Amino acid sequence: MAGTEAGEGAQRLSALTLTGLVVGSMVGAGVFSLPSRFAEETGVAGALVAWAVAGAGTLMLALVFQTLAVREPHLDAGVYAYAKAGFGEYLGFFAAFGYWASACVGNVTYWVLIMSTLGAAVPGLGEGDTPLAVLLASAGVWSFHALVRRGVREAAAINRIVTIAKLVPILVFVLLALFALDPAVFAANVSGGAAAGPLFEQVRGTMLVTVFVFLGIEGASVYSRHARRREDVGRATVLGLLSVLAVFASVTIVSYGILPRERIAELRQPSMAGVLAAEVGPWGSAFVGVALVVAVLGAYLAWTLMAAEVLFVAARDDDMPRFLKRTGREDVPTAALLMTAVLVQVVLVVTLFSADAFNFALGLTSSLTLIPFLLAAGYAVRLAWSRPPRRARELVVAVLATLYTVFLLYAAGPKFLLVSLIVYAPASVLFAMARRERGRRLFAPREVLVLLASVVGAVVGVVALAAGWIAL
């Protein structure tokens with residue numbers, strides 16, 4: 001988290017600290033990949049529309065979290081708690097697991113990016129997906145695990161520093177790009193050219209990228225149990241989103257004024273380094289590389305803490321096995337942290353078999369989080385419709401957030417949805433363990449239907465991978 005303050009035996013977070021948490025979580029290493037990820041799909045016009053759609057849709061989600069934080073102050077851990085309250089224990093469990101898994105896979109993208117950055121100087125690291133890269137990234141995973149186990153205060157102190165340190169290079173990049181912007185190059189990139197395709201497809205193609213970089217918008221709600229006041233959770237969510245949207249959109253748009261779209265699309269990750277190198281020379285690439293290392297440090301730290309927090313709260317509510325409730329000093333959920341590190345390690349190994357490790361991890365991260373977001377938005381619709389006081393504004397916002405999330409599922413396409421179900425289906429073992437520990441029936445009749453749907457989807461996904469219909 002971005003910072004902590006002790007209060008009557010518990011850590012209490014102010015609105016400013018919560019805003020820092022949201023910004024620190026969202027401004028991760030992913031921002032350094034934005035130029036090429038957008039240029040692969042769209043020109044300037046499509047990018048502007050995509051950011052407008054993503055910004056408006058994510059703002060609706062942010063307002064949903066703001067409303068739920070105030071109206072349901074007894075619900076902790078955000079996305080998971082809202083899904084459970086709205087749709088029952090099993091779907092609540094799925095939301096917790098999916099959100100946790102997305103955070104873990106997202107952390108893998110950070111290691112792929114940093115190894116790809118170093119790969120420019122060390123060929124053995126390739127683009128972050130070689131055995132040497134995975135070995136070094138694994139060492140980083142377990143080093144961070146040891147750091148966070150020492151206590152939240154130590155981790156939070158580092159995160160406060162790196163949140164500022166990683167924003168400065170990004171702002172410097174934007175300012176330098178604006179100064180060197182070539183109007184002719186920018187104008188040529190407006191439409192994206194014939195290869196970019198129809199505007200709708202350009203926007204659709206960038207949606208998973210925007211989901212990925214906007215992950216963290218719910219960060220304040222995940223830590224709601226530590227907030228001084230519930231109103232601070234909502235304020236931090238909206239302020240964090242608006243701040244980061246301005247940064248992300250600026251990084252994307254100014255890059256179109258430096259290089260032709262086709263050249264930006266071909267840059268290796270982190271593509272921001274290639275753009276800046278074309279603008280100011282080789283030192284620009286080194287500058288971005290150092291900034292990326294700092295960004296990884298902060299983003300990985302924040303996401304590791306948030307992932308563990310979701311597992312811990314779910315276990316505390318008896319929706320996860322009891323062993324995940326274990327904590328160490330400074331209220332650190334040690335068992336949940338260990339499980340988080342293990343999944344990150346497993347996905348790192350999987351990247352060895354992927355044709356494009358970064359894009360695979362990015363797409364899977366975004367896809368995994370869509371179901372939890374959809375359930376949270378759906379709960380907001382139910383709450384606004386059925387429970388007084390009924391407010392038209394809250395209902396409209398909740399409906400728009402739900403429709404936006406459905407659109408994102410469509411934009412994700414079948415590949416990542418099937419791979420997500422391969423991840424989701426085995427997780428039901430944890431749910432069954434938690435039910436058995438409480439002496440309860442493993443699955444209620446309606447829950448069996450959800451279980452069967454997830455298992456069928458996972459089987460289809462495995463068959464599709466084996467047959468080559470989809471690829472990692």
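Buried means under 20% relative accessible area, exposed means over 50%, and partly exposed lies in between (1.4 Å probe, protein chains only). This is a predicted model: local features need pLDDT of at least 70, side-chain atom pairs count only at pLDDT 80 or more, and totals for chains, interfaces and linings use all residues. Residues are numbered from 1 along each chain as its sequence is written, and side-chain values use heavy atoms, with hydrogens and water left out. The structure holds nine salt bridges, each a side-chain nitrogen of Lys or Arg within 4 Å of a carboxyl oxygen of Asp or Glu.

**Asp319 and Lys84**
- Asp319 and Lys84 form a salt bridge, 2.7 Å from N to O.
- Asp319 sits in the loop between helix H14 (282-316) and helix H15 (334-350), and Lys84 in helix H4 (residues 79-87), so the pair ties together parts 235 residues apart in sequence.
- Helices here are DSSP runs (H or I, at least four residues), numbered from the N terminus.
- Asp319 is buried, at 1% relative accessibility.
- Lys84 is partly exposed, at 23%.

**Arg71 and Glu394**
- A salt bridge joins the side chains of Arg71 and Glu394 (2.8 Å, N to O).
- Arg71 belongs to helix H3 (residues 44-71) and Glu394 to helix H17 (residues 392-424), so this pair links parts 323 residues apart in sequence.
- Arg71 and Glu394 are both buried.

**Arg37 and Glu40**
- Arg37 pairs with Glu40 in a salt bridge, with the closest N and O atoms 2.7 Å apart.
- Arg37 is buried at 9% relative accessibility, whereas Glu40 is partly exposed at 34%.

**Network**
- Salt bridges link Glu89, Arg435, Arg440 and Glu447 in a network.

Definitions and conventions:
Helix = DSSP H or I, 4+ residues; strand = E, 2+ residues; numbered from the N terminus.
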